[in-house]
Amino acid sequence: MHRQARTFAVLAATLGLACAIQAADRTEITFADGRIFPESLTSTRNGAVYFGSLGQDSVYRAAPASSKAATWIQPKANGLQTVLGVLADESAGTLWVCTSATGGRGGAPVVGETALKAFSLKDASFKASYVFPGNGLCNDIAVAKDGTVYATDTTGARVLRLKKGARALEVWAADMMLLGTADGIALLADGAVYVNSVGQGTLLRIPVKADGSAGTITKLETSRPLQTPDGMRSVGNKTMLLVEGAGRLDEVTINGDKAEIKVLKEGLTGPTAVTLVGGMAYVSEARLNYRNDPKLRDQDPGPFRAVGVPYKAPK
């Protein structure tokens with residue numbers, strides 16, 4: 001290697017390590033704005049953390065090593081509303097964002113559309129929008145190694161799929177009982193898709209057949225009951241991080257049809273999602289009760305934050 005190129009490579013590696021160390025030093029990430037309601041979060045390898053803001057219909061970003069998130073995708077940009085799941089797909093250079101239609105109940109008009117939207121991870125520019133057939137509630141997202149994107153539909157009790165290069169979403173798995181209130185989604189080394197139900201407190205496995213279609217849905221036996229499970233992310237071959245609305249961050253290890261639940265932290269305030277950055281798991285405290293409960297809706301929920309929990313992922 002040429003001396004100048006070698007020097008640049010060493011400098012780049014040093015800067016990358018410095019960013020990772022600084023990112024691990026953040027014990028929390030806060031927001032300058034109020035009423036964020038950060039329902040979901042995701043991260044990239046350089047330490048940047050992205051938040052889907054349900055309260056602002058936008059996306060926030062905390063730069064690597066920064067402990068404060070700022071608006072990155074403007075409110076309602078390209079039809080964003082009711083923003084829930086966000087997922088950074090670095091191999092595709094894409095930030096996937098869930099947006100959902102509102103209204104429709106009690107004769108109220110439907111406003112907007114439910115869709116999976118793609119933005120550039122480089123500069124937040126808009127790339128594409130993929131409409132949910134029949135609308136629904138786009139909640140969370142996972143991406144397979146082959147580039148296939150999966151998204152949960154909470155009200156439609158289904159998982160939708162976007163094949164790499166496809167122009168439209170398709171219904172991949174649907175079951176009004178088992179997938180009712182489908183929420184968090186993740187993939188493990190076995191290639192299966194794992195989904196939890198926030199309303200039923202269950203954890204499910206959906207195998208991917210050789211032709212890409214969904215196999216039989218299996219309800220896993222958890223070592224203890226789950227209370228309103230929400231966002232989850234894979235962190236090992238058989239391991240996921242999962243948050244429970246009851247205030248817990250869990251490590252979930254899958255062994256066959258059983259799931260061992262280990263509590264990593266309790267006492268969190270309305271947690272809804274988790275992402276791992278280096279040796280720190282960040283948990284978003286969405287405090288959705290201040291948005292959903294009529295008795296609390298007009299009250300100030302206070303400042304929002306993502307809490308850092310030291311965590312070493314298994315190999």
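These entries record what I looked up in a predicted model.

**Basis.** I number residues from 1 along each chain as its sequence is written. In this predicted model, local features need pLDDT of at least 70, side-chain atom pairs count only at pLDDT 80 or more, totals for chains, interfaces and linings use all residues, and side-chain values use heavy atoms, with hydrogens and water left out.

**Aromatic pairs.** I paired rings of Phe, Tyr and Trp (its six-membered ring) if their centres lie within 6.5 Å, with planes under 30 degrees apart counted as stacked, over 60 as edge-to-face and the rest as tilted. The count by this rule is 7 aromatic pairs. Phe31 and Phe51 form an edge-to-face pair, because their ring centres are 4.9 Å apart and their planes stand at 75°. I find Phe31 in strand β1 (residues 28-31) and Phe51 in strand β3 (residues 49-53), 20 residues apart; strands are DSSP runs of E, at least two residues, numbered from the N terminus. Both residues, Phe31 and Phe51, are buried (under 20% relative accessible area, 1.4 Å probe, protein chains only). Ring pairs join Phe31, Phe51 and Tyr60 in a cluster.

I next looked up Tyr50 and Trp72, an edge-to-face pair at 5.1 Å centre to centre, with 70° between the planes. Tyr50 is in strand β3 and Trp72 in strand β5 (residues 68-73), so this pair ties together parts 22 residues apart in sequence. Tyr50 and Trp72 are both buried.

**Sheet.** I noted an open sheet of 4 strands in the order β14-β15-β16-β17, with antiparallel pairing (two strands pair if DSSP finds at least two bridges between them). Its edge strands, each pairing on one side only, are β14 (182-187) and β17 (218-219). Antiparallel strands β15 (residues 193-197) and β16 (residues 202-206) are joined by 5 bridges. Asn196 has Leu203 as its bridge partner in β16.

Note on methods: Buried means under 20% relative accessible area, exposed over 50%, partly exposed in between (1.4 Å probe, protein chains only).
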